[in-house]
Amino acid sequence: MDSYRFVILGGGVVAGNAAQEFARCEIPPGELCIVSAEKTLPYDRPPLSKDFLANEKTVEEILINEPGFYQANGIVVRLDTAVTHVDLDNKKLYANGDTIAYDKLLIATGARPRTLDVMGHDLQNIFYLRHIGDARDIRQQAQQVQQAVVVGGSFIGMEATAVLQSSGIATTMIFPEARVWQAFFTPEMSRFFENYYRNRGVTLLSEEKVTAFAGNGRVQKVITESGREVPADMVVVGIGVVPNKELFADCGLHIADKGIVVNRFLETNFPGVMAAGDITVYEDVVYNQQLHIEHWDNAVQQGKHAARVMLGEMQPFAHVPYFFSDVFDLSYEFWGDPSGAVQTVHRGEVEDGRFSVWWLAADGRLLAAFVMDRPDEEREMAPQWIQSGKKLTTEWLTESKSFVAKSAAA
Ligand SMILES: Cc1cc2nc3c(=O)[nH]c(=O)nc-3n(C[C@H](O)[C@H](O)[C@H](O)COP(=O)(O)OP(=O)(O)OC[C@H]3O[C@@H](n4cnc5c(N)ncnc54)[C@H](O)[C@@H]3O)c2cc1C
């Protein structure tokens with residue numbers, strides 16, 4: 001049995017960034033072990049649906065830390081090691097017939113793609129996108145096909161569609177909602193992105209549910225509830241994720257639908273056991289409510305924060321949620337949490353793709369902001385104003401040309 005002061009269960013974005021923080025704090029060699037089911041050292045996932053998928057980046061370029069980092073800092077990384085049982089009472093993990101003991105544990109098992117279990121789901125050339133191997137398989141197939149279907153009209157679906165269409169594959173997006181990324185985009189935003197995608201040759205089939213895949217060994221068409229049969233040489237499914245929480249079902253951890261519940265310090269209800277990233281439902285101190293975030297920045301920041309708390313620096317995790325996306329030649333950023341907003345205000349030229357969107361609470365408090373191709377001051381102010389609970393008015397946001405020229409309403 002090997003024993004470590006700190007163990008990170010999971011080898012993704014949280015793990016790579018927590019390791020960086022442990023190293024920065026100069027923990028003695030041999031105190032930290034990362035246990036990962038993956039065969040690759042911790043890497044960033046955002047490129048898997050962008051430049052890595054488009055064959056513009058190598059594995060080395062997406063690693064969070066260069067390969068020599070772990071050994072140089074005395075960090076043990078156990079790859080290809082899926083933990084199959086945890087005993088939190090006795091501080092032990094079990095994997096590959098081995099026992100790994102810890103003093104403090106950081107759970108960072110992330111999430112996995114939700115699957116579409118319809119008829120024909122096991123045909124070849126139907127892909128999900130979470131791991132580096134998935135992206136490799138998709139990009140390899142993409143070199144050999146003419147037409148693709150992407151199932152799902154939100155984050156991963158939009159990004160995968162953009163890469164496939166840009167590489168010359170006629171791509172159809174199929175999603176059940178009335179408009180693209182309906183759960184997040186305003187109707188104006190959906191309209192802009194839908195036009196943008198159509199202008200680049202993408203076919204959008206909204207209000208369509210996939211009921212089956214058909215083909216002879218390999219997928220050849222996608223069948224929808226309305227009876228449509230859409231030809232496809234390959235399919236990418238991006239319909240959300242489910243948390244990897246089953247491992248902890250019987251060990252007394254407080255677990256919610258979307259993940260493991262942690263407090264404002266990212267501690268679970270078990271002393272010495274923390275959780276960070278996609279697997280958490282955390283007590284957020286900016287909005288004073290529980291939040292569950294499935295984005296890169298959250299995994300980076302929570303990973304680093306958890307490491308500091310494990311080393312005794314007891315600070316609450318206070319951070320405005322953030323994410324970014326790149327589709328075709330567009331890049332946008334988003335801060336905050338729009339749930340609870342009663343009004344949205346658009347600034348700039350929505351039709352031209354140079355706009356921002358501001359979500360306000362009933363009392364005018366800024367809750368969230370989306371910014372694409374706008375002056376830098378908007379990117380700079382958005383997180384600051386959300387963090388400070390700044391109150392804004394529709395009139396001010398619509399009328400003021402620049403945030404610097406005029407001071408915001410009280
Ligand atoms: C294709 C793709 C594109 C994305 N693009 C963006 C983007 O543009 N912007 C953005 O903000 N976010 C993006 N994200 C989301 C972001 O990457 C995630 O939020 C982030 O990876 C979460 O980090 P994590 O460490 O919590 O989980 P993960 O990075 O998923 O890591 C979890 C790790 O735990 C391991 N694991 C699970 N169970 C076990 C077990 N039993 N034993 C051992 N190991 C285990 C897994 O193998 C994995 O290594 C994207 C995600 C994907 C998949």
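**Close-up views of a predicted model**

View 1. E21 touches K304, A307 and R308, leaving aside residues up to four places away in sequence, where contact means heavy atoms within 4.5 Å. With a relative accessibility of 4%, E21 counts as buried, a term for under 20% relative accessible area with a 1.4 Å probe and protein chains only. The side chains of E21 and R24 are joined by a polar contact of 2.7 Å (a pair of N or O atoms within 3.5 Å, one able to donate a hydrogen and the other to accept it, with residues adjacent in sequence counting only if both atoms are side-chain atoms).

This is a predicted model, in which local features need pLDDT of at least 70 and side-chain atom pairs count only at pLDDT 80 or more, while totals for chains, interfaces and linings use all residues. Residues are numbered from 1 along each chain as its sequence is written, and side-chain values use heavy atoms, with hydrogens and water left out.

**View 2. The contact between domain 2 and domain 3.** The domain assignment, which is automatic or from a database, places domain 2 at 115–239 and domain 3 at 329–399. Their C-alpha centres lie 30 Å apart, and the contact takes ten residues from domain 2 and 15 residues from domain 3. Between domain 2 and domain 3 there are two residue pairs in polar contact, both at pLDDT 80 or more.

Conventions
Buried < 20%, exposed > 50% of the residue type's maximum accessible area, 1.4 Å probe, protein only.
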